[in-house]
Amino acid sequence: MALSSMWRQRAADATRPGLLATIRRIPPTAWFGFAVILLYGGAALLAPWVAPYGENEVVSQTPFAPWGAEFWLGTDQLGRDFLSRIIFGARNSIGIALVTTILAFLIGGTLGIVAATMRGWTDQILSRLVDSLMSIPDLIFTLMLLAIFGSSVFNLIVIIAVIDATRVFRLARASAFNVVTLEFVEAAEARGEKLPWLVRQEILPNILPVLVSEFGLRFCFVFLSIAALSFLGVGLQPPMAEWGSMVRDNAALISSGDITPLIPAAAIALLTVGVNFVADWYLNETGGLSHDEG
Amino acid sequence: MMKVEDAKVEAGPDIFSVEDLRIEAQIGGRWAEIVKGISFQLKRGEVLGLVGESGAGKSTIGLAALGNVKQGCRIAGGRVSFRGQDLFASPENIRRKLRGTRIAYVAQSAAASFNPAKRLMDQVTEAAVKRGGQSKAEAKRNACRLFRALQLPDPEIFGDRYPHQVSGGQLQRAMAAMALICEPDLIVFDEPTTALDVTTQVEVLMAVRNAIETFGVAAIYITHDLAIVAQMADRIAVLRYGEIVEQGPTNQILENPRHSYTRSLWAVREILTEPSQKTRTLLRVDRVSAFYGLLQVLDDVSLEIGRAETVALVGESGSGKSTLGRLIAGLKEPESGSVTFDGVSCPPSVSTRSKELLRRIQIIYQSADTALNPRHTVRKIIGRPLSFYHGATGENREARIGELLKLVELDPAFADRLPGQLSGGQRQRVAIARALAANPELIVCDEITSALDQIVQADILKMLVSLQEKLGISYLFITHDIATVKAIANHVVVMHRGQIVEQGPKADVLSPPHPEYTQLLLSSVPEMTSGWLDKVISDRRKLAAA
């Protein structure tokens with residue numbers, strides 16, 4: 001026991017200077033990305049305490065009130081505080097996008113690695129299925145499915161996750177193929193290891209950097225598709241605050257020279273940029289596809 | 001312009017010299033010296049052999065002779081002079097004019113050096129036409145003459161082929177033709193035969209030696225194999241960590257080396273194992289055939305491995321020896337025939353074999369770089385078979401990991417390292433420890449030492465022999481290296497094109513009379529005497545004449 005804890009201590013010592021050096025190497029763009037993500041995360045988690053008014057509270061008699069001391073960013077078409085709705089919108093939009101992306105990665109990642117490991121018929125069936133799903137234009141397919149199943153939050157998450165999982169599947173399968181051909185996977189097979197071990201222990205750690213950086217990008221795309229669907233009126237339903245629908249509902253203001261409806265759009269853009277900066281940094285830091293360094 | 005008469009001067013002054021050459025490389029953001037004050041001279045027609053292990057700085061010196069350094073390296077001091085001209089003091093365009101015309105280079109992998117989209121003739125004559133001042137027709141005539149001198153088939157039309165249409169040995173000779181076409185004063189050969197099979201290597205060595213003698217060029221011959229350089233060089237310089245430890249005439253280095261390091265370069269040849277008595281049969285392969293698609297890789301192969309015995313499986317690349325090893329481990333299914341282990345018939349594939357059977361047969365691969373998961377620590381790599389086969393946990397497992405690391409002569413503290421933090425030899429030891437963790441009775445060793453340096457090879461072979469004595473393990477040792485076979489085998493099996501040509505106790509197989517292929521294979525292995533190549537050449541001429 002004493003011996004093993006001593007070894008563990010040594011392992012911890014070995015990683016510490018490495019971590020410090022890694023932090024020192026983080027470029028300013030990635031710091032910017034972290035700051036943005038932190039800001040959004042904070043807003044999402046602390047919305048009820050940070051926002052000046054409630055999510056659906058009608059606080060003004062005049063719809064489309066101008067910017068002012070009482071309502072910093074004015075009010076929307078029903079007289080609700082715009083700033084509060086942006087803050088609550090972060091909670092809904094980011095939360096749903098995050099859950100959707102995680103689900104897409106669980107489905108696509110697992111099936112992709114399994115297809116690469118099993119090869120043969122399993123791979124053929126899964127890959128052709130994914131091909132056929134990908135051949136249907138995304139947005140139209142989503143609209144159709146939402147029309148069939150109805151647009152609840154649950155349906156929205158599942159449908160977007162399944163459609164996005166096809167992209168994740170392709171990536172996971174391709175990078176897992178590079179790893180599967182290496183001898184340590186064969187050595188594990190020769191030892192008699194079963195599929196779950198091969199997928200989780202031998203292959204996943206070696207393609208994780210690619211999957212994680214793809215996670216950042218995929219998250220942005222999911223975010224954008226939810227916003228797009230909300231803008232079309234089939235995404236999140238009122239009265240829930242969501243950035244995409246906020247743009248749509250207040251779009252009329254643009255013609256009168258008011259930039260308020262662009263603020264939720266800018267919020268989406270800023271998050272996209274921030275997440276991509278962090279994903280880029282992570283890909284560089286871990287050497288992406290290469291698995292010879294360790 | 002150079003006159004032809006100049007080229008005929010024998011002896012005379014040095015045409016090429018290196019004085020106190022120092023080269024630095026950027027390693028982890030700092031400059032470190034990798035070539036530490038090297039000096040040597042070459043006269044016209046003289047061949048200098050540069051011998052050393054990987055990382056000794058051989059190739060760096062070879063490139064410096066062309067007036068070039070790799071990216072991330074710089075010249076820190078000294079002179080490289082060619083015909084009295086300091087190369088690194090001259091501007092790049094002068095050096096570029098010399099390269100390919102006056103100083104030529106033959107690289108290790110001809111396959112990687114030729115452009116696959118262009119015909120050989122265009123590539124061989126390129127330097128002569130562009131910088132050597134030869135007309136196209138003239139260059140083509142010269143190329144054909146060289147193809148003939150290098151004993152290439154159909155020299156008149158050889159140049160019309162693309163690189164993929166000729167064999168590896170022919171491509172390597174085409175590269176020698178490319179180097180010789182401008183009749184240079186100096187050629188740098190950088191491990192030109194390392195990637196070739198032994199029987200092909202001899203042909204290339206003969207051709208290159210002939211060409212060097214015919215054209216009277218000076219040459220620097222870089223290799224890690226002292227036996228090869230003994231055939232090619234007039235003088236040998238032994239390099240280690242960027243320094244020349246010993247330099248002298250070939251005979252003196254071979255017969256009377258002053259430095260102990262020089263001796264260690266033939267360490268594997270010094271190991272000798274006692275021939276063992278016949279033991280009880282552990283594994284029997286009976287009339288096995290196997291295919292990859294339509295290609296037959298194993299044809300009616302039968303062999304036996306006894307307990308605590310080492311069977312060496314010898315053959316060239318493509319002979320099917322690795323397939324046989326994979327078949328025994330259950331990674332390749334046979335088309336027909338059977339494998340019997342300890343009296344019980346083995347199911348054909350891993351998925352149908354019992355865990356107990358899988359435990360008893362282990363496999364170790366050639367390249368430990370790809371055989372160890374780069375994201376697993378040594379603890380996890382060795383610990384997994386312990387818990388998988390023996391259900392070991394906690395302290396038990398920890399203690400066993402420590403024991404296994406000691407068994408393969410590694411510090412138990414290595415348990416926390418990742419494979420990337422180990423040297424090639426250490427990685428191979430970890431791979432051996434992983435196999436030993438299963439407590440196997442048979443280990444299939446697939447070329448496990450061929451990627452390693454001589455001393456490391458010798459250490460690992462010695463370790464395997466002592467492990468066999470301690471634990472009574474049998475080895476199927478797949479190799480193409482006859483020195484390794486001599487060192488550790490009890491029993492030898494020779495394979496050629498999927499068939500077994502000969503098998504028997506080591507002493508019988510390695511001494512005459514031999515079947516034709518064994519004879520060719522054995523006679524192609526370079527020996528440590530300087531006259532060996534001449535003898536092979538004259539033997540084969542006699543054979544061809546008869």
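1. The loop that connects β17 (442-446) and α19 (454-471) of chain B contains B:I448. The model discussed here is a predicted one. B:I448 has 29 C-beta neighbours inside 10 Å and therefore counts as buried, since the threshold for that class is 20 or more. Once its neighbours within four places in sequence are set aside, B:I448 is in contact with B:I364, B:Q366 and B:Q428.

2. The next point concerns a sheet of chain B. Six strands of chain B make up an open sheet with mixed pairing, ordered β16-β17-β18-β13-β19-β20. The edges are held by β16 and β20 (499-505) of chain B, each of which has a single partner strand, so one side of each is left without a neighbour in the sheet. From one strand to the next, the twist averages 15 degrees. Four bridges link β16(B) with β17(B), and the sense of this pairing is parallel. Within β17(B), B:C445 is the residue opposite B:I364; B:I364 is also one of the contacts of B:I448.

3. Which strands of chain B does helix α13 (residues 321-328) lie across? They are β13 (310-314), β16, β17, β18 (474-479) and β19 (491-496) of chain B, and the helix runs at about 150 degrees to β18(B). Seven of the eight residues of α13(B) are buried, so the helix is largely enclosed by the rest of the structure. The buried residues in α13(B) are B:K321, B:S322, B:T323, B:L324, B:G325, B:L327 and B:I328. After α13(B) comes B:G330, which has a positive phi near 85 degrees.

4. Strand β3 (residues 47-51) of chain B has five of its five residues buried, so it is largely enclosed by the rest of the structure. The side chains divide by direction: B:V47, B:G49 and B:V51 point one way from β3(B), whereas B:L48 and B:L50 point the other way, and all are buried. β3(B) pairs with strand β8 (residues 218-223) of chain B in the parallel sense, over five bridges, and B:G49 has B:Y221 of β8(B) opposite. β3(B) also runs parallel to strand β9 (residues 235-240) of chain B, to which four bridges join it. In that pairing, B:A237 of β9(B) is the residue opposite B:L50.

5. From α8(B), B:V202, B:L205, B:M206 and B:R209 meet B:L533, B:V536 and B:I537 in α23(B). The contact of α8(B) with α23(B) comprises six nonpolar, no polar and one charged residues.

6. Is helix α7 (residues 183-191) of chain A buried or exposed? Nine of its nine residues are buried, so α7(A) is largely enclosed by the rest of the structure. Among the buried residues of α7(A) are the charged positions A:E183, A:E186, A:E189 and A:R191. The buried residues of α7(A) pack against α6 (153-180) and α8 (195-232) of chain A, and also against α14 (355-360), β16 (361-364), α15 (368-371) and α16 (378-390) of chain B. A:G192 follows α7(A) and has a positive phi, near 105 degrees.

Technical notes
Residues numbered from 1 in each chain as written. Chains lettered and ligands numbered in written order. Predicted model: local features only at pLDDT ≥ 70, side-chain atom pairs only at ≥ 80, totals over all residues. Buried ≥ 20, exposed ≤ 12 C-beta atoms within 10 Å, placed from the backbone. Helix = DSSP H or I, 4+ residues; strand = E, 2+ residues; numbered from the N terminus. Pairing = 2+ DSSP bridges. Contact = placed C-beta atoms within 7 Å. Axes fitted to C-alpha atoms, helices over the stretch in contact; angles between N-to-C directions.
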